[in-house]
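The entries go from the whole chain to single residues.

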Amino acid sequence: MNTLKSAILTFVVLLTVGCSTVPITGRRQLSLVSDQEVMTMSFQAYDDLMKKSKLSSNSSQTAMVKRVGQRIQGAVESFMRQQGASDQLAGYQWEFNLIQDDTQQNAFAMAGGKTAVYTGLLPITKDETGLAVVMGHEIAHAIAKHSNERISQQVAAQGVGTSLGALGTGASAQIINTAYGIGAGVGLMKFGRTQESEADRLGLIFMAMAGYNPEGAVSFWQRMAAASNGQSPPEFLSTHPSNETRISDIQKHMPEAKKYYNAR
């Protein structure tokens, strides 16, 4: 019985104390570690990954990644200013890199704005608009603090209110690496369906504010679906929305995103 009471108390504390709110969606999320802690560890993980990775020598493609990233950065800063939440970007150290790896059809953005795209994704993005879909989506994960939420879930398993620093360097680094999947050799955060859907919605807004037509998101995800060759697992077996569900949800959010696009 004491164990049950302790579990209930823990649950209540997590809900009432360790929570923050996602911009636009208003969803409450678990937040047990400070943004600064997560950013500090993410910056280190990003730097380590960059040292192990080969950056693309294609100057035009690299310039495109940086250009799209900077435009979305500007959109994010404007969006957060409009929301009266510019302080949430404190400590950000924006960086945009293109990693040479044609086998990886991926991209990621870590807490604090550290962003990278793999060259294997470029044949699917095709152009700047397609790239803006991806980078807007990944940066939205960072703005919605999904990495903090994911890491907090792992920290919660170590004890309520435990900080990354209190766990020690080795344990905290392991949590960061596990959260981002770095131990598997790829710096990608493992997000769930709710977080993916939030990133899709916010990403549409960010790319629209950056001057990219959000309607390009539909064609991008159609290309991504085609590139998967039907290998995606059924939605109920996956942590991500199915391509069909994702496209349907994006179309529902399109009127909202177009308002931002047309208001530029």
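The entries below concern a predicted model.

**Entry 1: the whole chain.** I began with the overall composition. The secondary structure of the chain amounts to eleven helices and five strands. The chain has 264 residues, and 49% of them count as buried. Among contacts with a separation of 6 or more, 71% join residues 24 or more positions apart.

**Entry 2: two helices.** I turned to helix α3 (residues 59–82) and helix α5 (residues 128–143), whose axes lie 9 Å apart and meet at an angle of about 45 degrees. This angle is why α3 is described as oblique to α5. The crossing of α3 past α5 is right-handed. I noted which residues make the contact: α3 contributes Met64, Val65, Arg67, Val68, Gly69, Arg71, Ile72, Val76 and Met80, while α5 contributes Glu128, Leu131, Ala132, Met135, Gly136, Ile139 and Ile143. I sorted the residues of this contact by type and found eleven nonpolar, two polar and three charged.

Entry 3: In soluble globular proteins, nonpolar side chains tend to be buried together. With its neighbours within four places in sequence left aside, Phe206 touches Ile72, Ala75, Val76, Phe79, Gly136, Ala140 and Ile143.

**Entry 4: Ser57.** Is Ser57 buried or exposed? I found a relative accessible area of 73%, and because the cut-off for exposed is over 50%, Ser57 counts as exposed. Ser57 sits in the loop between α2 (35–52) and α3. I also looked up its distance to Ile99: the two are 42 residues apart in sequence, and their C-alpha atoms are 9.2 Å apart in space.

**Entry 5: Lys252.** Where is the place of Lys252? I located Lys252 in helix α11 (residues 243–262). Its relative accessible area is 60%, so Lys252 is exposed by the same cut-off of over 50%. Finally, I compared its position with that of Arg201. Lys252 and Arg201 are 51 residues apart along the chain, and 9.5 Å separates their C-alpha atoms.

Note on methods: Residues are numbered from 1 along each chain as its sequence is written. This is a predicted model: local features need pLDDT of at least 70, side-chain atom pairs count only at pLDDT 80 or more; totals for chains, interfaces and linings use all residues. Side-chain values use heavy atoms; hydrogens and water are left out. Axes are lines fitted to C-alpha atoms, for helices over the stretch in contact, and angles run from 0 to 180 degrees between N-to-C directions. Helices (H or I, at least four residues) and strands (E, at least two) are DSSP runs, numbered from the N terminus. Angles under 35 degrees count as roughly parallel, over 145 as roughly antiparallel, 65 to 115 as roughly perpendicular and the rest as oblique. A crossing is left-handed if the near helix is turned anticlockwise from the far one by less than a right angle, and right-handed if clockwise. Contact means heavy atoms within 4.5 Å. Ala, Val, Leu, Ile, Met, Phe, Trp, Tyr, Cys and Pro count as nonpolar, Asp, Glu, Lys and Arg as charged, and the others, Gly among them, as polar. Buried means under 20% relative accessible area, exposed over 50%, partly exposed in between (1.4 Å probe, protein chains only).
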